[in-house]
Each structure stands twice: as C-alpha cells, then as structure tokens.
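Student: I'd like to go through this model and ask where each label comes from. Can we take it term by term?

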Amino acid sequence: MKNKMKSFLAAGVALLCASAASAQESGRLSADFLKQATPLIHWPKGLEPHRVDVFVHNEGWIDAPPEVVWKNLVDASQWPTWYSNSADVQIDGGHKELAQGVSFHWKTFGLPIVSTVDTFTPNREIGWSVHKDGFDVHHAWVLVPERGGVRVITEESQKGADAIAFRLAQPNAMYDGHDWWLSALKARTERTAHLAAPLPGE
C-alpha cells in the first residue's frame, strides 16, 4: 500500500512539474512573440495582442507580387491542396473566395471551426475571427511589398479557457502550424508566379 501511495505521489509531482514547465514555456513564447508584434494589423476590440491569453507571430519573404500571394490566401477552398493542416473548407453564401463578412467552415489541427472575415483590404490585409464558448480568436495576414517581392506577416491572438489549455498542452503547435503554412504559401506562390511570368524576349 505504501509503495502504491509513493508511486501515486511521485506521478502527481511529475505531472505538476510538467504542467509548470509547459506553463512557463507557454508564457515565455507569448512574451517573445509580443516583442515582434507588428503595428500594421487592425485587431478586433478585445483581441489585441497585449489583451489575450495566447499570441504568436510568424513572417517570411516571398519572391512574388502581392497580388499572387493574395489570390492564394483568399482562394480558401484550395488551401487543402497545398496546406495539409487545413481540410474540408466550405465558403458560405455561394462565395468562391473570401471577402469582407464572409464566413467559412473548415478544419485545422483536426478541429472543426467556423471563421468569419472581419478585416479585408485587397492585396494588403486579411483577418478572420472565431467566437465560441471558451475560445475567441483572430488570425491576421499582412502583405508588405519589399525587395521586389512581399514580406508576409501572420499573427494570431487567442483568449479563453480552450486557448490556454491547447497552448499548455502543445506550446509550439500554433507557431509550427503557421510556419508550415507560410512555407507552403511561399512554395505555391513562387511556383505560380514563375509559371505565369513571360519568358525573356516575349
């Protein structure tokens, strides 16, 4: 009996230590990302980076015009063909692409969600939000022309119990998912841009 109790206590201590370590890592990551937050994004009230429970920043450079990058972002029904962390994207209302006020049903990280576009400046900025019990989110994308291509910044803010629980369980998942998305967007966009570019002398 004593040995079982010792094992139980040891397991409990290990779990607490792991939880504390995850919480510390989660807090450190959010603080690091806040230092990189761009002032270019128009956040919905209450979902500004300094007011949320979880925040992540990713960015990268794409050798293509902003218009080509934008086309791949708003053509959401095609995301699953090039970004495998998305699935079953259905744009509501018969729309073929994302636009201001348009909602879409989809899966990401294996979870079904409904997002609504609430920020939309063509070829410049798009953002969509999710609102449900325990989970409020805004995911933003900004395109900045730079060095003959475009710097793509994507940031996401989350608040609520479910957001905290997910971050504690998988501290790096959102950053890794967005890094993966950016890499896939870069590959698809550059391939599309170069295929469409006229050959020398044409």
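What follows is a talk about the labels and the values behind them.

Tutor: Ground rules, then. This is a predicted model, where local features need pLDDT of at least 70 and side-chain atom pairs count only at pLDDT 80 or more, while totals for chains, interfaces and linings use all residues. Residues are numbered from 1 along each chain as its sequence is written, and side-chain values use heavy atoms, with hydrogens and water left out.

Student: What is the mean pLDDT of the protein, and where does pLDDT stay under 50?

Tutor: pLDDT is the predictor's confidence in each residue, from 0 to 100. The mean for the protein is 86, and 82% of its residues reach 70 or more. Residues 4–24 are where pLDDT stays under 50, and the model has three contacts beyond four places in sequence for that stretch. Contact here means heavy atoms within 4.5 Å.

Student: How many helices and strands make up the secondary structure?

Tutor: Five helices and seven strands. Both are DSSP runs numbered from the N terminus: a helix is H or I with at least four residues, a strand is E with at least two. Read from the N terminus, the elements go α-β-α-α-β-β-β-β-β-β-α-α.

Student: Which strands pair with S7, and in what sense?

Tutor: Two strands pair if DSSP finds at least two bridges between them. S1 (residues 54–62) and S7 share nine bridges in the antiparallel sense, and S6 (residues 135–146) joins S7, also antiparallel, through 11 bridges. Both counts meet the cut-off of at least two, so both are pairs. For landmarks, tryptophan 61 sits opposite arginine 151 in S7, and glutamate 146 sits opposite glycine 149 in S7.

Student: What is the order of the whole sheet, and why are S1 and S2 called edges?

Tutor: The sheet is open, with seven strands in the order S1-S7-S6-S5-S4-S3-S2 and antiparallel pairing. S1 and S2 (86–91) each have a single partner strand, so one side of each is left without a neighbour in the sheet. Neighbouring strands are turned by 20 degrees against each other on average, direction ignored.

Student: How many bridges hold the S2 end together?

Tutor: Four bridges join S2 to S3 (residues 103–108), running antiparallel, with alanine 87 opposite lysine 107 in S3. Next, H2 (residues 66–74) packs on the sheet, touching S1, S4 (111–121), S5 (125–132), S6 and S7, and its direction makes about 160 degrees with that of S6. H4 (residues 161–169) packs on the sheet too, touching S1, S6 and S7, at about 65 degrees to the direction of S1. Those angles run from 0 to 180 degrees between N-to-C directions, with axes as lines fitted to C-alpha atoms, for helices over the stretch in contact.

Student: Why is arginine 151 called partly exposed?

Tutor: Buried means under 20% relative accessible area, exposed over 50%, and partly exposed in between (1.4 Å probe, protein chains only). Arginine 151 has 23%, so it falls in the middle class. Its strand is S7 (residues 149–159), where nine of the 11 residues are buried, so S7 is largely enclosed by the rest of the structure.

Student: What makes the link between arginine 151 and glutamate 59 a polar contact?

Tutor: The term asks for a pair of N or O atoms within 3.5 Å; within protein, one must be able to donate a hydrogen and the other to accept it, and residues adjacent in sequence count only if both atoms are side-chain atoms. The side chains of arginine 151 and glutamate 59 are joined at 3.3 Å, so the distance is within the limit. Arginine 151 also contacts residues including Gly60, Trp61 and Val144. Its C-alpha atom is 6.3 Å from that of isoleucine 62, 89 residues apart along the chain.

Student: Are aspartate 88 and arginine 147 exposed or partly exposed?

Tutor: Aspartate 88 is at 47%, so it counts as partly exposed, and arginine 147 is at 61%, so it counts as exposed. Aspartate 88 lies in S2 and has a positive phi of about 50 degrees although it is not a glycine. Arginine 147 is in the turn of the S6 and S7 hairpin, which has two residues between the strands, and its phi is positive at about 55 degrees.
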